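Q: I'd like to go through this model with you. Start with whatever term we need for the helix packing.

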Amino acid sequence: MVGGLLPTGTTLPPLPHLLAVLLATGGVVVALRRRRPRVTARRVLALAPWMALGSAAHVLYVVDALPPLLAPFAGSPTVYLTVGALAGAAWLAADAARPDRVAPTLAALGALCLVPVVAVAVGTGISPVGARWSTVALALTVPVAGAAWAGLTRLRPEAAVTGSVGALAVFGHALDGVSTAVGTTQLGFGERTPLSRLLLEVGGLPSLPVIGEGWLFLLVKLAVASAVVWLFAAYVRETPAEGYLLLGFVAAMGLGPAAHNLILFSVAA
């Protein structure tokens, strides 16, 4: 943990790697601003495989399965810039090649990058216990996220305007909450973020099946994600492009760590 505020494991890569990532990210950002590809809910949803890609690459970094030349690009937080630059470049390429098929092309490119990275992670060795609990966490998340989304759109019908991107944000944070609770309760993993660790370590809480005392962490995650989606509803309605893009970033903040949990549990538990 850096300075007691940042997540444990936060590091900066060697200067040459850092400069390469910053230059690549800056170049992609400039190119995106010049081309200004159309932003829609389907195109933001197509970024979901890319959100998982960063997590999968970081798992390889954690288990020391990357070549020394590539490893610094997958450390935290560098991996976010690395994958962000790749996703942005893929978006530009898809928009230039098939403007009418950007969403499926972008999703397919993300999947093509994600599958081999996950395969390499699995190739380092599967933990049957960890894989089983990852499956349990994923299965438990589906009804939890569904109930949270249904409750949100019932209590605040205007939130439904966020559509699939809003639902992805709720699902991603639900999966992060459930998988974190399962990992700490059943597999003995720790939480790297100080605030999250505090929520998980609050004493005197009753224990629930599977997630133990992690229900408070899950409840906070769902409440915050639902509130953010509701607050973004007006933004999405008035400025859809910016609203969907920022809401996609919120979704990535949940789905990314969740995917990291599931893959890491499956290979390192």
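A: Angles under 35 degrees count as roughly parallel, over 145 as roughly antiparallel, 65 to 115 as roughly perpendicular, and the rest as oblique. This is a predicted model: local features need pLDDT of at least 70 and side-chain atom pairs 80 or more, while totals for chains, interfaces and linings use all residues. Residues are numbered from 1 along each chain as its sequence is written, and side-chain values use heavy atoms, without hydrogens or water.

Q: OK. At what angle do the axes of H6 and H9 cross?

A: Roughly 40°, and the axes of H6 and H9 come within 11 Å. H6 and H9 are therefore oblique to each other. Axes here are lines fitted to C-alpha atoms, for helices over the stretch in contact, with angles from 0 to 180 degrees between N-to-C directions. Helices are DSSP runs (H or I, at least four residues; strands are E, at least two), numbered from the N terminus.

Q: Which residues of H6 and H9 make the contact?

A: H6 brings Val144, Ala148, Trp149 and Leu152. H9 brings Leu222, Ser226, Val229 and Trp230. Contact means heavy atoms within 4.5 Å.

Q: Now H3 and H4. What's the angle there?

A: About 145°, with the axes of H3 and H4 9 Å apart. H3 passes H4 in a right-handed crossing. On the H3 side are Trp50, Leu53, Gly54, Ala57 and His58. They meet Val79, Val83, Leu86, Ala87 and Ala90 in H4.

Q: What sits in the loop between H3 and H4?

A: Valine 63 is one of its residues.

Q: Is valine 63 buried, exposed or partly exposed?

A: Partly exposed, because its relative accessibility is 29%. Buried means under 20% relative accessible area and exposed over 50%, with partly exposed in between (1.4 Å probe, protein chains only).

Q: And what does valine 63 touch?

A: Thr124, Leu264 and Val267, not counting residues up to four places away in sequence. Alanine 121 is 58 residues from valine 63 in sequence, yet their C-alpha atoms are 8.4 Å apart.

Q: What about the backbone at aspartate 64?

A: Its phi is positive, about 60°, although aspartate 64 is not a glycine. Aspartate 64 counts as exposed because its relative accessibility is 67%.

Q: Which other residue has a positive phi without being glycine?

A: Valine 210 is one, with phi near 70°. Valine 210 is in the loop between helix H8 (194-201) and H9. At 27% relative accessibility, valine 210 counts as partly exposed.

Q: Back to proline 77. Is the peptide bond from serine 76 cis or trans?

A: Cis, with omega near 10°.

Q: Switching topic: how is the chain divided?

A: Into domain 1 (12-125) and domain 2 (126-268). The bounds come from an automatic or database domain assignment. The C-alpha centres of the domains lie 22 Å apart. Domain 1 puts 20 residues into the contact and domain 2 puts in 21.

Q: Which residues in the largest nonpolar core touch the most other members?

A: Leu47, Trp50, Leu106, Tyr244 and Leu247, out of 61 residues. Such a core is a set of buried Ala, Val, Leu, Ile, Met, Phe, Trp, Tyr and Cys residues joined through side-chain atoms within 4.5 Å.

Q: Which helix gives the most to this core?

A: H10, with 12 residues. Domain 1 and domain 2 both give residues to this core, so it lies between them.

Q: Which residues does leucine 47 touch?

A: Ala87, Trp91 and Leu106, leaving out residues up to four places away in sequence.

Q: Histidine 260: buried or exposed?

A: Buried, because its relative accessibility is 10%. Histidine 260 lies in helix H10. Beyond neighbours within four places in sequence, histidine 260 is in contact with Ser55, His58, Val59 and Val62.

Q: Last one. Where is glycine 123?

A: In helix H5. Glycine 123 is exposed, with a relative accessible area of 66%.

Conventions
Left-handed = near helix turned anticlockwise from the far one by under 90°.
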